[in-house]
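Hello! Here is the structure I promised to pass on to you. Have a look at it first, and then read my notes below.

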Amino acid sequence: MSSKPKVAFYWNASCGGCEEAVVDLAEDILQVVEAVDIVFWPVALDFKKKDVEAMDDGEIAVSFINGAIRTDEQREMVELLRRKSGLVVAFGSCAHIGGIPGLANFYNRELIFDRAYRTVPSTPNPDGVLPRTSSDIDDDELTLPEFWDTVKTLDQVIDVDYYLPGCAPPPDLIMDAVTAILEANLPEKGTVLAPRKNLCDTCPRSESKPDKISIESLKRPYEIEADPEKCFLEEGIICLGMSTRSGCGERCINANMPCRGCFGPAEEVFDQGAKGLSAIASILGLEKEEELTDEDIERLIDRIPDLAGLFYMYSLPSSLLRRKKL
Amino acid sequence: MSEDPRIVVFCCNWSIYPGLQLSAIDENPDDLPGVSHIVSMCSGRVSPELVIEAFVNGAWGVMLAGCPTDECEHDGNYKTRKRFIMLRKVLEEFGIEPGRISMDWFSTGEVAKLKQSVREFVDRITEMGPARVVKEQELG
């Protein structure tokens with residue numbers, strides 16, 4: 001029997017990009033499969049839940065679990081993997097801080113079902129049928145997992161040992177994490193396996209950034225052609241690098257798009273959205289801030305619709321408020 | 001008996017808080033039930049994170065008592081004014097009404113004005129009731 005450490009990959013409320021990130025390891029994945037046995041990976045390999053159930057507790061060395069948690073089935077699977085695994089790594093933004101699915105926390109199950117199955121123009125559903133946990137069809141019972149009102153991060157459901165941030169985590173950080181696990185050279189439990197700096201610190205545009213930036217008018221990315229050399233804030237485009245952890249490889253910045261916070265809060269930041277808000281508000285109309293009336297400030301702010309959705313784009317379930325109370 | 005409102009008043013260490021302490025010799029600033037005064041090293045230090053944390057911990061309303069225009073040594077009042085206006089808009093999307101976040105500006109000697117403002121804020125918030133914030137146990 002193989003003595004190689006066993007590894008599992010699993011997905012929950014996610015887009016599949018994290019699975020793609022593993023494939024993006026390219027040739028490096030050969031090193032990984034040489035060193036470990038992948039015993040469970042629904043997207044790529046034909047192992048079943050019963051195979052995991054048949055294992056001893058703690059038999060899997062490490063489970064990389066991506067996606068947020070929003071159904072009973074997802075909870076059941078991650079609880080099973082937690083029991084069977086020595087280490088659990090929350091893999092990617094959704095498992096780490098809630099991610100894009102976490103924006104559902106501005107709504108609840110009823111509102112989401114109503115939109116997705118009743119009022120959305122692209123779904124004809126004249127009978128108004130909604131998903132149910134149990135349906136009787138020709139004397140057979142068909143079941144679906146319960147869909148939750150609230151999207152949760154992985155560590156709000158099971159104990160998590162480490163976090164690999166990003167939408168999706170970049171190959172270098174994945175390899176660093178795998179190497180650290182194989183060499184048993186891991187930092188303190190609970191560590192985010194990425195640099196401690198914030199993105200502005202490592203941004204290629206920070207060199208040319210002026211000492212003082214005053215945003216006279218907020219712009220949305222589609223409204224202007226951003227200068228690829230200039231700090232986005234200098235051009236009035238909201239970029240969340242100041243409140244976001246670095247380590248992504250500045251992929252969005254290099255594609256001339258501002259940071260939206262997928263790497264989660266920088267070290268010492270409690271609430272990524274509130275910190276981003278604070279930084280942007282501070283430099284809004286900075287040059288003549290003492291002359292601004294409250295109405296002037298409101299006008300400057302109102303250029304951007306859905307500020308909460310912007311500042312909490314990736315982190316709503318892990319924010320201080322966690323969700324909107326409906 | 002109806003529940004007392006829970007109000008947090010952040011006071012600047014360099015203006016209204018010393019005024020409040022001096023005046024407190026014969027009148028306790030925390031006399032109003034449910035009102036807590038917290039000293040901050042400048043209104044600019046009262047970050048949106050602190051305001052949200054107050055709501056998460058049960059505050060019905062948060063008031064900021066900073067220095068008047070031109071009286072802040074650090075321009076913190078200008079920064080915080082912009083942050084609070086933006087925060088009100090963001091929290092409205094969470095279902096927390098803008099009226100629950102108040103800011104006003106006071107010189108050291110304006111304790112009577114502060115007390116009046118706090119009383120009016122307490123009345124307003126009492127009428128509004130508790131803020132709509134989800135508690136951990138409600139999340140299932």
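**Aromatic pairs and a buried threonine**

A:Phe106 and B:Phe94 are both buried, where buried means under 20% relative accessible area, exposed over 50% and partly exposed in between, with a 1.4 Å probe and protein chains only. This is a predicted model, in which local features need pLDDT of at least 70 and side-chain atom pairs count only at pLDDT 80 or more, while totals for chains, interfaces and linings use all residues. Residues are numbered from 1 along each chain as its sequence is written, chains are lettered from A and ligands numbered from 1 in the order in which they are written, and side-chain values use heavy atoms, with hydrogens and water left out.

Now to the rings. Rings of Phe, Tyr and Trp (its six-membered ring) pair if their centres lie within 6.5 Å; planes under 30 degrees apart are stacked, over 60 edge-to-face, and the rest tilted. Over all chains, that rule gives eight aromatic pairs. In one of them, the ring centres of A:Phe9 and A:Trp41 are 4.9 Å apart with planes at 40°, so this pair is tilted. A:Phe9 is buried at 11% relative accessible area, and A:Trp41 is buried too, at 7%. A:Phe106 and B:Phe94 make an edge-to-face pair, 5.1 Å centre to centre with 65° between the planes. One aromatic cluster is formed by A:Phe9, A:Trp41, A:Phe64 and A:Phe91.

Finally, is A:Thr244 buried or exposed? A:Thr244 is buried, at 2% relative accessibility. Leaving out residues up to four places away in sequence, A:Thr244 touches several residues (heavy atoms within 4.5 Å), including A:Lys197, A:Cys259 and A:Gln272.

Enjoy exploring!
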